[in-house]
Amino acid sequence: MHISIRNLRKAFGPVVANNDISVDFAAGQIHGILGENGAGKSTLMKILAGMYSADRGDIAIDGRIVLLGAPKRALQVGIGMVGQDPLDIPVFTILENISAGIRLAGQIPVAESFDHWNSVLGFELDPRAHIGHITVGQRQQVEIIRLLITGSQLFILDEPTTGITAAQIDALFVALRTIANAGKTVLFVTHKLDEVATLCDTVSVLRGGILVGEQAQMPVPREQILQAMFGERNALIATQSGQHHPNGTVWKLTDVFMHDAQIAFGPITTTIAAGQIVGLAGLEGSGQTLFLRHLAGMQLPHSGSIVFADTPLRAPRYDNVFLPADRLHEGIIPSMNLVEHVQLLHRHLLATGQTSREKAIQLIADYNIKATPDMPLQLLSGGNQQRAMLALIPDTARVILLEHPTRGLDAYSAEAIWQRLQERCARGATVVFFSADLEEVIRYSDAVLVFFGGSVSRVLDCDALSEQALARLIGGVGFAEVAQ
Amino acid sequence: MDKLILDIAALIAMSTPLLLATLGILIGERAGVINLSVDGSLLLAGMVGFGVAFTTQSVIYGFFAAALVGATVALLIGYLGITLRLSQTAVGFVFALLCTDLSSFLGNPYVQQSGPAVPAWAIPILTDIPLLGPILFRHDVVIYAGLVLIPLIAWFLERSRPGLIVRGVGERPEALYARGIDVVRVRYAAVIVGGALIGLAGAAYTLDLKQGWTYRHMAGTGWIALAIVIFGAWKSYRIAFGCYLYAALQTVASRMQVNDWEIPTQVLQVSPFVVMIVVLAVVNSLSTPTVQAWLQTVPAPVRRLFTYVTSPAPASLGKPFDPAG
């Protein structure tokens, strides 16, 4: 299926998500669509899949203009989409998930064709397994088979590699190549350069809602793609591992035991120095979140004492700020705008709306947030939400605690977040964060705490650690020597 | 023995209107729409059904009119809840009150009148089967219909493809929309068919079980029906079991009243309600984190039993669906 997009435009209120986009996707190829968070990739794909209607512009399939605007019509002309979080029904079995939907002309019985595709693509799915009990990677596989059975000719995959294992990524890539070789078209949306380099035949780059340059045949030099993705700002991306000097003590933990439903560990006796960036490293679920929540005073230790700034920590404090990984549920109030968030932070009850608005406009400029002061934060892209959360941390904050500070963000957004954090640190704040990305931990931390098997290491100096050494510690190799 | 058989047969007969109402609620809720107006719908449909049958001297017209009333109320609730996306709880509650009062107001001419009723009809041949004959096959058409609907609706929801789509719409409408399904149309269809069934249940009271009309004739039944659907965990057979259990409790309570016990009659009258509340509380508490954590410590067969009892509500029950977002 050859698809042509001409002069497509889509705006949400004042924000133009796609502006005058014209591009062609040839049949039998895998097309990479690159762009940073909020560049308009998802919007464009949702228009193709019929989830959104375009404000202007045409979409033609093999030269004939089609009217989309509803998923049903997109499916009927052969366009199918696998979302980042697959749109499936958790309580249904795999087969039920595939059967629930419109039946198209010429569709073959579901059970047989499922077995066929399952073996052709090398997936190992059990058709009777419930969707709620399988991994995100497997759910994607189910969605791909579903689209094959419904006869899709154009496959859209929106950031499919987030949250799936390396083996599943390999299986996915093989499957997509098989599908493309069968003459179908694959659109692969991502913000990861390497994936485009290994998988795709062509690359198109979106930035700020417009298509940058032309679609190019791979391979394209890395620098050229980065230039297209980030424009002038590309120059800003430079490693800067600021060294901060410890300046007194913020936390003093004495014989602390902590536990929740999943994990229990202790005793921990340690001090964390002020004015530093401290990384928590460990496999996910080794207790880093629990540790952060204790440092924030959101949870109290089972036994032992935590002293924060010379006073026992018994409840969350104004100058001790925790930024959770789940931005939309715990971090911000999705339906409120930036002005209202600023107002919430005011310590004076009679703060005027005007002051808050000025402050919000200032924050938008300072933190490069792509939003108007009156936009509900739920409409912002992930990177902008994260920047907004950082912007809202009061200057009086002594410590900032973060879970996965840059998860799901592209390289530029991540770098911008870290610049802000380093500025805060230079002004005397202490930053404690945990991330699954070891490179991030090594690159930005002054000191590291390693979590393994229900215990915590001593405070390790980051200069003395390589990424490989840290990876071994996380896996438990040599952990005994650094344990408390 | 003969007495027991008669009791069981009576139990089936007296449960039928409640059963029809619960199955009607089930169909709508499986598609994600709560029709909270049941208590009022039952009364209004029952009153209209009796009125039409009384005027035309035709039971069939009566049932037809009752189904129409139930479907119309459901259509209005659908319009407000599905299309305008208002709170289904609020809308349903208002309709429950409105329909109750409307039935008292409009039903005035029919109070204490004697009208036509569904004739008894023993099914030939089947009626002679020992044991099963007297229990199942010496009733009337309405009761047979109720008995047939239990497996029929179970099959439709759990085994057929349209039923799969109805359940999907109640679980995750966005996913069904992405699969090309017209979620709004499915929800309307489910709530209207369910409403018609609730209407038939109303007529089953006034033209069959309780024969006749009076103010607030079977008020309260609708709320019980809504509770039984939760008790039955949105599954046809378990809902039917809930209906029979409730009827049995009522029978036991009224028998105990006759015996010379020193329990005030009011206690016995409300006891089925109390039992329902306790059962509901127990069933629902099983899905709380504390109980779930406790379940991890018990042997596997016990855990499986508890998991079976606690099947959760349709995930999108009562939640409006907006294709645009």
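Biologist: Is Trp418(A) buried or exposed in this model?

Modeller: The model is a predicted one, and Trp418(A) belongs to helix α14 of chain A, residues 411-426. A residue counts as buried if 20 or more other C-beta atoms lie within 10 Å of its own. Trp418(A) has 22 such atoms within 10 Å, so Trp418(A) is buried.

Biologist: How many Å apart in space are Trp418(A) and Glu440(A), C-alpha to C-alpha?

Modeller: Along the sequence, 22 residues separate Trp418(A) and Glu440(A). In space, their C-alpha to C-alpha separation is 9.8 Å.

Biologist: Which elements of chain B give two or more residues to the side that touches chain A?

Modeller: The contact between the chains takes 14 residues from chain A and 15 residues from chain B. By class, the side of chain B has eight nonpolar, five charged and two polar residues. The elements giving two or more residues to that side are α7 (161-171) and α8 (173-178) of chain B.

Biologist: Are α7(B) and α9(B) roughly parallel or roughly perpendicular to each other?

Modeller: Two packed helices are described by the angle and the distance between their axes. The axes of α7(B) and α9(B), residues 183-209, come within 10 Å and cross at roughly 105°. Angles of 65 to 115 degrees count as roughly perpendicular. The two helices, α7(B) and α9(B), are therefore roughly perpendicular.

Biologist: Which residues of α9(B) make the contact with α7(B)?

Modeller: The residues of this contact divide into six nonpolar, one charged and no polar. From α7(B) come Ile165(B), Val166(B) and Val169(B). From α9(B) come Val183(B), Val186(B), Arg187(B) and Ala190(B).

Methods: Residues are numbered from 1 along each chain as its sequence is written. Chains are lettered from A and ligands numbered from 1 in the order in which they are written. This is a predicted model: local features need pLDDT of at least 70, side-chain atom pairs count only at pLDDT 80 or more; totals for chains, interfaces and linings use all residues. Two residues are in contact if their C-beta atoms, placed from the backbone, lie within 7 Å. Helices (H or I, at least four residues) and strands (E, at least two) are DSSP runs, numbered from the N terminus. Ala, Val, Leu, Ile, Met, Phe, Trp, Tyr, Cys and Pro count as nonpolar, Asp, Glu, Lys and Arg as charged, and the others, Gly among them, as polar. Axes are lines fitted to C-alpha atoms, for helices over the stretch in contact, and angles run from 0 to 180 degrees between N-to-C directions. Angles under 35 degrees count as roughly parallel, over 145 as roughly antiparallel, 65 to 115 as roughly perpendicular and the rest as oblique. A residue is buried if 20 or more other C-beta atoms lie within 10 Å of its own, exposed if 12 or fewer, and partly exposed in between; C-beta atoms are placed from the backbone.
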